[in-house]
Amino acid sequence: MTTVSDHSLHNSSRHGFAPLAIARIKGAQRVNQIAIYLIYAAIIAFMVFGTIASIKAFHDNQLLYQLFYNLPYALVALTIPLTLYNAFIIYRYRLNQTSMVIMTIGVSSIILIGGLLFADTAWLGLASWLGVAFLFKVSFKRFFSFLALADLPENNNSTENTPL
């Protein structure tokens with residue numbers, strides 16, 4: 001049986017995280033940023049096309065109505081696979097409490113599926129997915145803040161640095 005010395009293990013990892021794990025987490029953070037940009041695009045599309053569609057000259061324009069109604073749904077729906085990927089990364093590396101990840105994904109999924117099955121609408125379910133990407137953004141930010149803080153030299157409480 002081959003054993004790895006503790007010395008080489010500590011040299012290749014940062015605070016218990018392998019370099020490959022940190023690279024995956026950074027990649028997931030970039031994916032999450034794309035999801036947030038899609039959410040911003042959905043909000044802007046809703047405001048712009050809704051405003052244009054409300055102008056009297058464009059009341060009968062079906063294209064504007066479809067853009068106002070369906071484009072924000074489509075953009076938010078595109079974030080669902082991205083946030084699921086992020087949820088798996090956050091769950092795998094325990095960047096957030098397991099119950100919190102399960103609750104956010106579970107509640108958002110139940111509201112979306114329940115709305116589609118029983119209320120014949122997706123707006124409330126998709127609205128709940130908006131918050132998931134922002135929650136994961138905070139999880140990634142806390143993780144990288146932890147790594148940055150852990151890399152700082154520790155403040156020793158020794159007597160040589162304190163004035164008498």
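**Exercise 1. Which residues in H5 are buried?**

Let's work through this predicted model together.

*Step 1.* Check how long the helix is. H5 covers residues 123-151, which makes 29 residues. At 1.5 Å a residue, H5 should span 42 Å, and its end C-alpha atoms are 44 Å apart, so the two values agree.

*Step 2.* Apply the cut-off: a buried residue has under 20% relative accessible area. In H5 the buried residues are Gly125, Leu126, Trp129, Val132, Ala133, Phe136, Ser139, Phe140, Phe143, Phe144 and Leu147.

*Step 3.* Think about the spacing in that list. An α-helix has 3.6 residues a turn, so residues three or four places apart point the same way.

*Step 4.* Find the cover. The elements that cover the buried residues of H5 include H2, H3 and H4.

**Exercise 2. Describe the overall build of the chain.**

*Step 1.* Count the elements: the chain has five helices and zero strands. Along the sequence this reads α-α-α-α-α.

*Step 2.* Look at burial. The chain has 164 residues, and 29% of them count as buried.

*Step 3.* Turn to the contacts. Taking those between residues at least 6 apart in sequence, 73% join residues at least 24 apart.

**Exercise 3. Compare the UniProt annotation with the model.**

*Step 1.* Read the record: an unreviewed UniProt entry marks residues 34-55 and 67-88 as "transmembrane region".

*Step 2.* Take residues 34-55. This span is 95% helix and 0% strand, with its end C-alpha atoms 32 Å apart.

*Step 3.* Now take residues 67-88. Here the chain is 100% helix and 0% strand, and the end C-alpha atoms lie 32 Å apart.

**Exercise 4. Is Ile44 buried, partly exposed or exposed?**

*Step 1.* Locate the residue: Ile44 sits in helix H2, which runs over residues 19-54.

*Step 2.* Use its relative accessibility. The value is 48%, so Ile44 counts as partly exposed.

*Step 3.* Look at its partners. Ile44 belongs to a nonpolar surface patch with Tyr37, Tyr40, Ile43, Phe46, Met47 and Val48. Together the patch residues have about 690 Å² of accessible area.

**Exercise 5. Describe two loop residues with positive phi.**

*Step 1.* Arg94 lies in the loop between H3 and H4. Its phi is near 55°, and Arg94 is not a glycine. With a relative accessible area of 52%, Arg94 is exposed.

*Step 2.* Asp120 is in the loop between H4 and H5. Although Asp120 is not a glycine, its phi is positive, at about 60°. Asp120 is exposed, with a relative accessible area of 71%.

Conventions
Residues are numbered from 1 along each chain as its sequence is written. This is a predicted model: local features need pLDDT of at least 70, side-chain atom pairs count only at pLDDT 80 or more; totals for chains, interfaces and linings use all residues. Side-chain values use heavy atoms; hydrogens and water are left out. UniProt positions are given in the numbering used here, feature names are shortened, and annotations may be inferred rather than shown by experiment. Helices (H or I, at least four residues) and strands (E, at least two) are DSSP runs, numbered from the N terminus. Patches are made of residues with over 30% relative accessible area and no salt bridge: like charges are joined within 9 Å, nonpolar side chains (Val, Leu, Ile, Met, Phe, Trp, Tyr) within 5 Å. Accessible areas come from the Shrake-Rupley method with a 1.4 Å probe; for residues, only the protein chains shown count as cover. A salt bridge is a side-chain nitrogen of Lys or Arg within 4 Å of a carboxyl oxygen of Asp or Glu. Buried means under 20% relative accessible area, exposed over 50%, partly exposed in between (1.4 Å probe, protein chains only). The expected span of a helix is 1.5 Å times one less than its number of residues. Contact means heavy atoms within 4.5 Å.
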